[in-house]
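Trainee: I am new to this structure and would like a close look at one part of it. Please start there, then connect that part to the rest.

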Amino acid sequence: MITKQKLSYLLIVVCVAVMTFGCQKQNTTPLVHKEYIHEGWSFVQADKSEKMPAVVPGVVHTDLLNNGIIGDPFYRSNEKEQQWINEKDWIYETYFQINESQKSADQLNLVFEGLDTHAKVYVNDQEVLQADNMYRAWTVTIKDLVNDGENHLKVYFRSPESYNKEQAERLAYSLPEDERVHSRKAPYHFGWDWGPKFLTAGIWRPVHIESYSTAKIENVFLVQKELNDQKATVKAEVNLNVVEAGTATIKVSSLDNSFKSVELSVLLKEGVQSKNIEFEIDNPELWWSHGLGEAHLYPVSIELMTANGTDKIEDRIGLRTVELVQQDDEFGRSFFFRLNGVPVFAKGANYIPSESFLTRVDDAVYERTIQDAVKANFNMLRVWGGGIYENKKFYDLCDENGIMVWQDFMFACAMYPGDEAFISTVREEAVQNVERLRNHPSIVLWCGNNEIYNGWQDWGWQKSRGYSSQDSAKIYNDYDRLFHKLLPEVLAEKDPTRGYWPSSPSYGWGHNESLTTGDNHYWGVWWGKEPFDMYKKKVSRFMSEFGFQSFPDMNTINSFSKPEDQDLASDVMRTHQKHPIGNQTIEEYLLRDYRQPKDFESFVYVSQVLQAEGMMTGIAAHRQAMPYSMGTLYWQFNDCWPVVSWASVDYYGRWKAMHYFVRKAYDNLFLSTDQDNDQLSIYLVSDLLKDTSGMLKLTLIDFTGNVLNEASIDVTAKGNISTKIYDKKISDLLNGADPQNAVLKVELMNSGKIIADNLHYFTRPKDLKLAKPTISTRVEKAANGYKVTLKSNQLAKNIYLNAKSVDGWWSNNYFDLLPNTDVVVYFETTNKDSDLASQLGIQSLVDSYR
């Protein structure tokens with residue numbers, strides 16, 4: 001019941017609001033002021049006294065490098081010599097100014113957007129903060145601690161190595177990976193089977209002084225309430241922090257005039273509060289994944305307008321519906337993403353951080369990385385749980401380019417503690433990152449962890465660590481609390497718009513269920529040393545990890561080694577190969593299908609071809625099985641340092657052979673062949689949303705270009721599915737031709753144009769009767785670099801083009817050059833004054849032979 005007093009108060013509020021905003025111009029003075037503290041920093045080893053200049057944001061390793069204390073951590077075996085850094089504590093300090101305007105503000109905060117990791121913060125020698133989590137921001141009120149003018153700021157970083165050791169000793173049992181799991185620090189910093197051990201410490205994200213009066217917008221959640229062809233209705237949930245009660249207006253407007261502005265008059269009460277305002281977009285354009293349509297974004301401005309000034313946030317919304325579809329069927333249970341009502345085959349890879357030293361990743365690195373995904377026809381990246389919640393730029397680029405993101409929370413391959421302090425910091429980490437990322441339309445799934453449930457069930461932790469039944473129950477209950485209770489609770493409150501998957505994979509690759517339900521990490525190839533053809537038998541509903549290693553480009557190897565280091569058994573090459581039997585495994589697989597390379601450089605080259613061909617077997621099997629199989633995310637997309645790894649793009653952004661091969665397999669139309677004994681099948685895999693018709697043209701030629709057999713048939717294939725369009729006995733197709741001296745050219749023609757093509761060989765590469773080709777080249781200047789035309793008198797298999805000292809990107813590489821055929825390749829480079837013709841190197845498979 002409304003009393004007369006309450007009614008009078010409400011009338012006063014309304015009148016004040018009308019007077020303030022109906023009769024006056026908007027006060028555009030910013031309510032919130034930020035002053036970054038990035039200058040004048042020094043650092044010192046805690047047990048020493050000599051201070052040195054530091055860069056903020058930054059980490060101790062790069063500061064030591066900049067000061068000449070250590071050499072390049074990536075060079076030769078320097079990693080081993082720099083492990084002492086992990087054991088030390090480090091102190092960072094600077095001075096900052098506080099002016100009269102800041103001091104007079106209602107609220108004055110010190111904000112660290114990221115501290116790596118265990119840190120105590122002092123302002124004018126008073127401790128104000130103990131941080132324990134690199135994944136979250138830290139805000140402390142300093143109004144009563146600072147002086148007008150100069151103030152002192154010190155951050156003491158404790159060694160994560162000593163911290164984890166101390167925490168582990170407090171438990172009655174040892175957790176798997178207990179040297180790292182007690183720290184909310186990027187797991188990969190502790191070393192992985194592709195990454196070095198560099199336990200960084202530092203102020204790794206910006207730090208600033210924040211001052212404001214009246215109120216500020218903490219964050220905004222843009223929630224799609226209704227979406228149809230005529231209209232989209234979006235709710236802006238505006239979360240405020242109010243320090244002075246009063247009235248205000250919230251305004252939502254379009255930055256590109258796509259929709260009408262709306263305003264809401266609100267009553268501000270001291271404290272944290274939320275206000276909702278809805279707006280409509282007529283004739284909405286949808287956000288689509290790459291390859292299916294435009295990734296349309298609507299830029300949105302949200303303003304809080306008061307008599308004292310305005311606070312504003314700008315964001316973007318992509319209008320789409322997305323769901324993870326898991327339905328029982330005749331085979332088991334489906335697992336696929338439905339975007340805007342359309343089942344989408346997920347094409348992509350697992351993404352790890354692009355650097356061991358995260359502050360060296362700039363916008364240019366992110367832009368190159370996402371463009372590498374786009375160029376290879378990706379539509380999804382899985383942000384793996386052993387890295388970081390990425391910077392805003394990463395997700396912005398995924399939004400803009402239609403790259404769907406499977407987002408792991410940062411837990412991987414270990415069991416984690418369950419004490420209240422750990423649970424509390426994880427809860428805040430989850431809240432902050434969900435709030436930070438939830439408006440990105442690219443994110444389509446939250447996943448609790450990487451391989452932890454799989455590890456608990458299959459990796460023998462209980463037995464190897466001697467757990468009692470009580471230990472096992474306690475450890476699993478902590479797991480259950482974290483991944484089945486805490487994270488779902490946070491998502492239910494902060495982002496109920498997306499699906500949640502507790503652990504990837506749902507079953508280990510040794511279980512039959514891994515092929516019929518959920519997602520799968522299949523490592524029978526590589527870890528199990530099963531043949532590549534096993535990929536054809538181990539087809540799951542959604543393959544979220546599988547992979548094979550190769551060496552990086554020789555230019556990359558030259559960046560970290562001397563000529564005398566370039567041997568598989570050298571200390572330097574072992575330092576840059578983190579898998580315990582990685583080089584031996586590559587060689588074992590290589591010799592199954594290829595001849596022994598004549599030297600180290602040839603081994604590097606053949607390792608890339610091996611990786612590409614082997615992984616294509618798996619990707620093709622997944623693509624051919626569509627819609628039973630609806631996703632293939634290989635391990636892994638990129639590297640954090642120069643290394644022998646599973647990546648398809650190396651640390652410097654150089655494409656390996658695999659990335660070129662993947663581009664073809666991930667095209668919206670993919671012609672794929674499958675040989676099973678004497679039977680050859682050809683599939684047309686289509687991601688298009690319409691049927692495809694054309695003429696399938698088959699041409700069998702020998703390695704000098706003679707046509708041995710040809711055929712053509714009219715074919716039609718439905719959209720968004722894989723269709724077998726050809727099936728024939730190989731013996732009939734060869735018709736007496738030598739399978740070691742023949743290749744089948746497969747082309748799909750439409751209106752006289754090739755819309756998809758592929759090549760098929762009938763035997764292993766080492767059994768092919770390859771002769772040394774004579775290759776002619778013509779190099780011409782082009783708009784973005786050079787145009788190179790190649791022609792060969794013989795089949796030149798897996799042509800590798802190398803510009804030696806000239807860095808750039810080849811539009812095609814590691815391709816088969818058919819005899820008597822002109823092939824044009826473009827080399828994009830910023831070094832347009834170089835003489836590419838004199839630098840050009842050409843290698844084919846036969847050149848690797850002894």
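Which residues in H9 meet which residues in H12?

Mentor: First, a word on the source. This is a predicted model, in which local features need pLDDT of at least 70, side-chain atom pairs count only at pLDDT 80 or more, and totals for chains, interfaces and linings use all residues. Residues are numbered from 1 along each chain as its sequence is written, and side-chain values use heavy atoms, with hydrogens and water left out.

Now the helix pair. On the H9 side, the residues are Glu420, Ile423, Val426, Arg427, Ala430, Val431, Val434 and Glu435. They meet Arg481, Leu482, Leu486, Leu487, Glu489, Val490, Leu491 and Lys494 in H12. Contact means heavy atoms within 4.5 Å. Helices (H or I, at least four residues) and strands (E, at least two) are DSSP runs, numbered from the N terminus.

How do the two helices lie? H9 and H12 pack at an angle of about 35°, and their axes are 10 Å apart. Axes are lines fitted to C-alpha atoms, for helices over the stretch in contact, and angles run from 0 to 180 degrees between N-to-C directions. The crossing of H9 and H12 is right-handed. A crossing is right-handed if the near helix is turned clockwise from the far one by less than a right angle, and left-handed if anticlockwise.

Look next at the charged pair here. Glutamate 435 forms a salt bridge with lysine 494, with the closest N and O atoms 3.0 Å apart. A salt bridge is a side-chain nitrogen of Lys or Arg within 4 Å of a carboxyl oxygen of Asp or Glu. Lysine 494 counts as buried because its relative accessibility is 17%. Buried means under 20% relative accessible area, exposed over 50%, partly exposed in between (1.4 Å probe, protein chains only).

The whole structure holds 48 salt bridges. One of them joins the side chains of aspartate 408 and arginine 382, at 2.9 Å from N to O. Aspartate 408 is in strand S23 (residues 404-408) and arginine 382 in strand S22 (residues 380-383), 26 residues apart. Both aspartate 408 and arginine 382 are buried.

Another salt bridge pairs aspartate 807 with arginine 654, the closest N and O atoms being 3.5 Å apart. Both residues are in loops: aspartate 807 between strand S38 (796-802) and strand S39 (809-810), arginine 654 between strand S28 (631-634) and helix H18 (657-665). The two are 153 residues apart. Aspartate 807 has 46% relative accessibility, so it counts as partly exposed. Arginine 654 has 18%, so it counts as buried. Elsewhere, shared partners join Arg316, Lys392, Asp396 and Glu400 into one salt-bridge network.

Now compare other helix pairs. The axes of helix H17 (residues 600-624) and H18 come within 8 Å and cross at roughly 25°. That angle makes H17 roughly parallel to H18. Angles under 35 degrees count as roughly parallel, over 145 as roughly antiparallel, 65 to 115 as roughly perpendicular and the rest as oblique. The H17 and H18 crossing is right-handed. Met615, Met616 and Ile619 are among the H17 residues in the contact, and Phe661 and Val662 are among those of H18.

H17 has another partner. Helix H16 (residues 582-593) packs against H17 at about 75°, with the axes 10 Å apart. H16 and H17 are therefore roughly perpendicular to each other. Ile586, Glu587, Tyr589 and Leu590 of H16 make the contact with Phe603, Val606, Ser607 and Leu610 of H17.

Tryptophan 641 lies between S28 and H18. Its relative accessible area is 0%, so tryptophan 641 is buried. Beyond four places in sequence, tryptophan 641 touches residues including Phe74, Trp194, Pro196, His576 and Tyr651.

Last, confidence. Mean pLDDT, the predictor's confidence in each residue from 0 to 100, is 96 for the protein, and 97% of its residues reach 70 or more. Over residues 4-23, pLDDT stays under 50. Where pLDDT is low, the predicted coordinates should not be read in detail.
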